[in-house]
Amino acid sequence: MSENTIALVTGANKGIGYEIAAGLGARGWKVGVGARDDARREAAVEKLRANGVDAFGVPLDVTDDASVAAAARLLEEQGGLDVLVNNAGVTGGMPQNPTEISIDQMRVAVETNVFGVVRVTNAMLPMLRRSAAPRIVNMSSSVGSLARQTSTDDPLAVGPISVAYSPTKSYLNAVTIQYAKELHDTNILINLGCPGFVATDLNGFRGVRTPEEGARIAISLATLPDDGPTGGYFEDAGVIPW
């Protein structure tokens, strides 16, 4: 990685995404702040620039084909792309008991957390393929681990019952494995990172970790050496069981 590296972080106007952008920018990288809210995006860019980060705004709604295509064109104009961090995500709203949830509520979570990642990744892959050291980081969660979800008799041991959110992370994990298989003969490293239980508006700020702490795993995976892992599922403590 060099100071000419260009990264895009989706959902980067606040919380973990903002701290990922700040951490990558602190390495001298040029960082695209992907967000759909114009005011919040530009405020984040302004704050990052005030802290010395070479940041630029990327209008981006990961659920919209035209928005993602426009974002890819903007990245091309900025010089391409070396690192993609798919951080944007939603819970789908609570509660999420499977006997009570609506299909529409589930669909919202899948559209952003899974289809959005595929949409953005595929749009950015032509640029990533041209990079000398391309990295893709998909922000998952330990609640997507089927091993952890089924390792205890306590149904709430790994997060609350969430038939929309948790399964989207399991789905994202499976999708990422398929990308790793297809890209195995390239220099693209693609991995999953869990930030831990971070205090953000996603969980009503009930988390016990700071956004800065939550950003560490993404920054680590975004800066892997060329012989680093691919197709893996990680948290700060190491590998997460599938």
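The largest nonpolar core in this predicted model has 31 residues, and Val9, Ile20, Leu24, Leu48, Val85 and Met139 have the most contacts inside it. By nonpolar core I mean a set of buried Ala, Val, Leu, Ile, Met, Phe, Trp, Tyr and Cys residues joined through side-chain atoms within 4.5 Å; buried is under 20% relative accessible area, exposed over 50%, and partly exposed in between, with a 1.4 Å probe and protein chains only. Two or more residues each come from β1 (6-10), α1 (15-25), β2 (30-35), α2 (38-50), β4 (83-86), β5 (135-139) and α7 (211-222). A second, separate core of 26 residues includes Leu8, Leu60, Val68 and Ala71.

Regarding conventions, residues are numbered from 1 along each chain as its sequence is written, and side-chain values use heavy atoms, without hydrogens and water. Local features need pLDDT of at least 70 and side-chain atom pairs count only at pLDDT 80 or more, whereas totals for chains, interfaces and linings use all residues.

I turn to the aromatic rings. Rings of Phe, Tyr and Trp (its six-membered ring) pair if their centres lie within 6.5 Å; planes under 30 degrees apart are stacked, over 60 edge-to-face, and the rest tilted. The count is 2 aromatic pairs. Phenylalanine 115 and tyrosine 171 have ring centres 6.4 Å apart and planes at 80 degrees, so this pair is edge-to-face. The pair links helix α4 (residues 103-130) with helix α6 (residues 165-182), its members being 56 residues apart; helices are DSSP runs of H or I with at least four residues, strands runs of E with at least two, numbered from the N terminus. Phenylalanine 115 is partly exposed at 34%, and tyrosine 171 is partly exposed at 39%.
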